[in-house]
Amino acid sequence: MSEVRAAVSVEELVVGYGGVTAVDGVSFTVGVGEHLTLLGPSGCGKTTTLRAIAGLESPRSGRIAIDGVHVYDGAAGVEAPPEDRGLSMVFQSYAIWPHMSVFDNVAFPFRVRGVSREASRTAVERALALVDLAGFGDRPATRLSGGQQQRVALARAVAFESKVVLLDEPLSNLDAQLRVQMRSELSDLRRRLGFTAIYVTHDQEEAFSLSDSIVVMRAGRIEQQGSPADIQGAPRTRFVASFLGMRNIFEAEITPATDGLVEARLADDTVLRARDPWGDGRPGKAAIAFHPSNVDVRKHAGGTAGTVTRVLFGGVTAQIFVSSGPLEICAVTRPQADLAEGRPVTWHVAPEDCLVLRE
Amino acid sequence: MAATQRIRLPAETALTAGLCVVVTALVLAPVFAVVLGATHETGGLSLRSLVNVVSSARVIGNTLLVGFGTTALAVLIGGALALILVRIDTPGRGLLEQCVILPLYITPLLTAIAWSWLGSPRGGLLNVVGRELLGIDQLVNLHGAAGVVFVAALAYVPLPFLLVSGALRAMDPALEDSARVHGASAAHAFARVTLPLVLPAALGSAMLVFVQAMGLFSVPAVLGMPSGFYVAGTEIYRLINNYPPRFGQAAAWGLLLLAVTALLVWLQAAVLQRRSFVTVTGKAFRPRLVLVGRARYSLAAVAWVYVAAAVILPVATLLWASLVNFITVDPKLMAFDLRHFRYVLFTYPKTYLAAQNSLLLGIATATLVCGLGLGIGWVLVRTQSRARGFLDQVSMIPLALPSIVLALGLLWTYVGVSWLPIYGTIFILLLAYVTHYLPFGVRAASGALRQLHPELEDAARVSGAGLFKTLWLVVLPLTRPTLAAAWTLLFILAIQEVSASILLYTSRTTVMSVAVFDLWEAGNVNALAALSVLQLAITFVALTLVLRTRQRAVAA
């Protein structure tokens, strides 16, 4: 079996402080030149995992290899300090040294490895040009805007041409507009320079738009890993489904049906046809999940009857809550005058948008 | 997988282990030596020295009197000044606040000498003036217990003042407001809310003062010894300097002092542990000022009286004595010139040696304490090392260790260590100074490090800098404003040190304060005044530099 060579591999990693286990048996590999994102809510252990790869946290057990070399091996007692791992990192706080100029910040990885200022000049200026900061070299680092500091941090990470760049929520401190712009610049930069990236974020939009593969984490463990399309198309657990915005998750009784689909009977006796990518169509109790934007709510049409209980307007869309027996279904549609509170409606979800969750 | 990394000692572990060894050698070795010296004689275990000491009831009583008296008076004055200058609309608060802490920078030796001239029973200037003008035979008598307590308290007032005023500033005024809203009178709110909240700070400062006062040497040497009033500090000095020196007996005194201060530190910790207050949020509040009407002028006057007694009067007396041809109160006989400065600068043989030693010691002490403080502070703030508790506790022990006891311990340690012949050299003084001021360096550096985002260091590590390069290229430059201020203050304190130096110096390693003390013992009052003025001038220059660095740090 031919495989992409691993730039970074993490096996059975456990990191903890005192009585808390922040990362509990995490394994994944990143291929050379790939962009992998660790995605999850705060406190899920994603940043701790990244810092352990960098050598900034000391794990309890497991193995971490970079470019085929074990930089951490709990059983063998191997633990390389961060400076010997040959990585670059962009920090959430940017960590731009305020006592240095922009040039000296970017040249730091060269300086500490004994490369003279003159010898590093070409590489540093190229990196500054890549992030649109050509000519900013002599500026004191303190006289930069947040966005510019972010660019300096990026330039510092790519100037030395490390094969692996770690990024810890690099865009979370920027305002919304700048964040979208920097996201696409980051993506261009990685394609152009071809480095391997491990990226930590809690923002699913960032994760899906940048990544080749995504690791969804929760409470120190991996919930699901795969390509953005795999995860978006078939979240494996209730946690991943709700993290991706599938607000409608209900208990259901599953029975096999035709075309590889199953039939799911909900508590309001609605029967929905659904995909079952994580089961084999076996009957029994399971959960059913669908995204609010996939719920078709109409005044008169086929589907289950219900009543609109609440409407929340949100600009171009509106959230509509429909009571259907003991359930409350959430739908997102364009605002419509006849879908007002108290009106009788019907709702329906297409089989391809409806998913059985086995965990 | 290909080749694996070789196993090696991480830099963090090496640094932590190294610092543990250093603090053990600096702090624990002399403490251990004092215990050993007090309980052993050449024949083996012997408690004779201890028994001798415990039976000297008078000196023990004097020491406790000075210890408790000084502490009570200093905390009372310091606390009152803090209230007057922080919580009341006293006119000239800003200037007064600067003046009230000046005694920190003037060694108590000089204050004591000045007050001994002002208040000695017969020839004291105040008494002479009193006799001439008021016809009162003896206005004041500062020789003896009262004088020692009075002058020592004057000298140590800044410690309680700083701690209590800090606590008052960190207190949310809403706490008092809510007591008032719920029906308490202003006085009641003060007694039931404010006082208990500043109690930990007051107790903490009382501990600091008490440790210093129990081991006090210079003040009782000047104001006590002439009238036969001995305390532990002067008793230790007498035992070491008489022939033959009685080290065992001195060590027993050291152990006794150590036992008393350790007991009180433990008691204080026990008292404070049971009451934990979350009033210090790291946020500074604007304290609510109490308006007291015309009484505010009287309160300002009270504060100025303190400044006059602790700073203006002693410094003016020293200046006057350094310039006047001979000490007299008859204005017709007074003539002023620079002959005493000429004598001190060009004739007196010890001036240059002492000044050189003091400056060297000041520079080396300040540098080493800042360096060690940064290292220890870094381990405390940035690592999860199991040695943190040990480093924290041991590096704070000198706060509970009177410096004369520390000096005794060093004497005892190095007099017998032939492979490290530092006894009788300037290095043993350096060890004493570095150990004595170590807690100050650790506190200053830890505070600065807590202000520094740890990712600034992480970024350097990931960029390829090892731990020591990171400390040198990132941590040191970023903590420089704090460390520079700490360095200068340490320099000022070190060039004025008396209590440890007096036991450890030799004729080759004399320092400025010892030279001043020598001149005092020789009765050469005018030369002594001139030398003191020179010492104060160095302090003043250094202090100006601190204030300027601080202003620059604020401006940046």
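The largest nonpolar core holds 274 residues. A:Ile198, B:Ala152 and B:Leu408 have the most contacts inside that core. The model is predicted. Chain A and chain B meet through 29 residues of chain A and 25 residues of chain B.

- A:Ile198 draws in residues from elsewhere in chain A. Beyond its neighbours within four places in sequence, A:Ile198 contacts A:Val8, A:Val30, A:Leu36, A:Leu38, A:Leu50, A:Ile53, A:Val164 and A:Leu166.
- A:Ile53 sits in helix α1 of chain A, which spans residues 46–54.
- A:Ile53 has 28 C-beta neighbours inside 10 Å, so it counts as buried.
- The contacts of A:Ile53, again leaving aside neighbours within four places in sequence, are A:Val8, A:Val10, A:Ile64, A:Leu166 and A:Ile198.
- From A:Ile53 to A:Gly74 the C-alpha distance is 13 Å, with 21 residues of sequence separation.

**Chain A overall**

- Chain A contains 8 helices and 21 strands.
- Its C-alpha atoms fill a box of roughly 75 × 50 × 40 Å along the principal axes.
- Chain A has 359 residues, and 43% of them count as buried.
- Take the contacts in chain A between residues at least 6 apart in sequence: 65% of these join residues at least 24 apart.

**Where chain A touches chain B**

- On the chain A side, 29 residues are in contact with 25 residues of chain B.
- Four elements of chain A each give two or more residues to this side: β5 (69–73), β6 (78–79), β7 (87–90) and α2 (102–111).
- β5(A) supplies the largest share, 4 residues.
- By class, the chain A side comprises 19 nonpolar, 6 polar and 4 charged residues.

**Helix pairs in chain B**

- Two packed helices are described by the angle between their axes and the distance between the axes.
- Helix α20 (residues 454–462) and helix α21 (residues 467–494) of chain B have axes that come within 10 Å and cross at roughly 160°.
- Angles over 145 degrees count as roughly antiparallel, so α20(B) and α21(B) are roughly antiparallel to each other.
- The crossing of α20(B) past α21(B) is right-handed.
- α20(B) contributes B:Leu456, B:Glu457, B:Ala460 and B:Arg461 to the contact. α21(B) contributes B:Thr470, B:Leu473, B:Val474, B:Val475 and B:Leu478.
- The residues of this α20(B)–α21(B) contact are 6 nonpolar, 1 polar and 2 charged.
- A second pair joins helix α16 (residues 350–382) and helix α23 (residues 512–522) of chain B, whose axes come within 8 Å and cross at roughly 145°.
- In that pair, B:Lys350, B:Thr351, B:Ala354, B:Ala355 and B:Ser358 of α16(B) meet B:Met512, B:Val514 and B:Ala515 of α23(B).
- The contact of α16(B) with α23(B) divides into 5 nonpolar, 2 polar and 1 charged residues.

**A tryptophan in chain B**

- B:Trp412 belongs to helix α18 of chain B, residues 403–415.
- There are 23 C-beta neighbours inside 10 Å of B:Trp412, so it counts as buried.
- Leaving aside neighbours within four places in sequence, B:Trp412 is in contact with B:Ala33, B:Val34, B:Gly37, B:Phe247 and B:Ala251.
- B:Trp412 and B:Gly248 are 164 residues apart along the chain, yet their C-alpha atoms are separated by 9.3 Å.

**Backbone exceptions**

- Most residues other than glycine have a negative phi, and most peptide bonds are trans.
- The peptide bond from B:Tyr243 to B:Pro244 is cis, with omega near -5°. B:Pro244 lies in the loop between α12 (232–241) and α13 (247–273) of chain B.
- A:Glu12 is not a glycine, but its phi is positive, about 45°. A:Glu12 is located in strand β1 of chain A, residues 6–17.
- With 14 C-beta neighbours inside 10 Å, A:Glu12 counts as partly exposed.
- A:Asp67 is not a glycine either, and its positive phi is about 55°. A:Asp67 falls in the loop between β4 (61–66) and β5 of chain A.
- A:Asp67 has 17 other C-beta atoms within 10 Å, so it is partly exposed.

Conventions:
Residues are numbered from 1 along each chain as its sequence is written. Chains are lettered from A and ligands numbered from 1 in the order in which they are written. This is a predicted model: local features need pLDDT of at least 70, side-chain atom pairs count only at pLDDT 80 or more; totals for chains, interfaces and linings use all residues. A nonpolar core is a set of buried Ala, Val, Leu, Ile, Met, Phe, Trp, Tyr and Cys residues joined through C-beta atoms within 7 Å. A residue is buried if 20 or more other C-beta atoms lie within 10 Å of its own, exposed if 12 or fewer, and partly exposed in between; C-beta atoms are placed from the backbone. Two residues are in contact if their C-beta atoms, placed from the backbone, lie within 7 Å. Axes are lines fitted to C-alpha atoms, for helices over the stretch in contact, and angles run from 0 to 180 degrees between N-to-C directions. Angles under 35 degrees count as roughly parallel, over 145 as roughly antiparallel, 65 to 115 as roughly perpendicular and the rest as oblique. A crossing is left-handed if the near helix is turned anticlockwise from the far one by less than a right angle, and right-handed if clockwise. Ala, Val, Leu, Ile, Met, Phe, Trp, Tyr, Cys and Pro count as nonpolar, Asp, Glu, Lys and Arg as charged, and the others, Gly among them, as polar.
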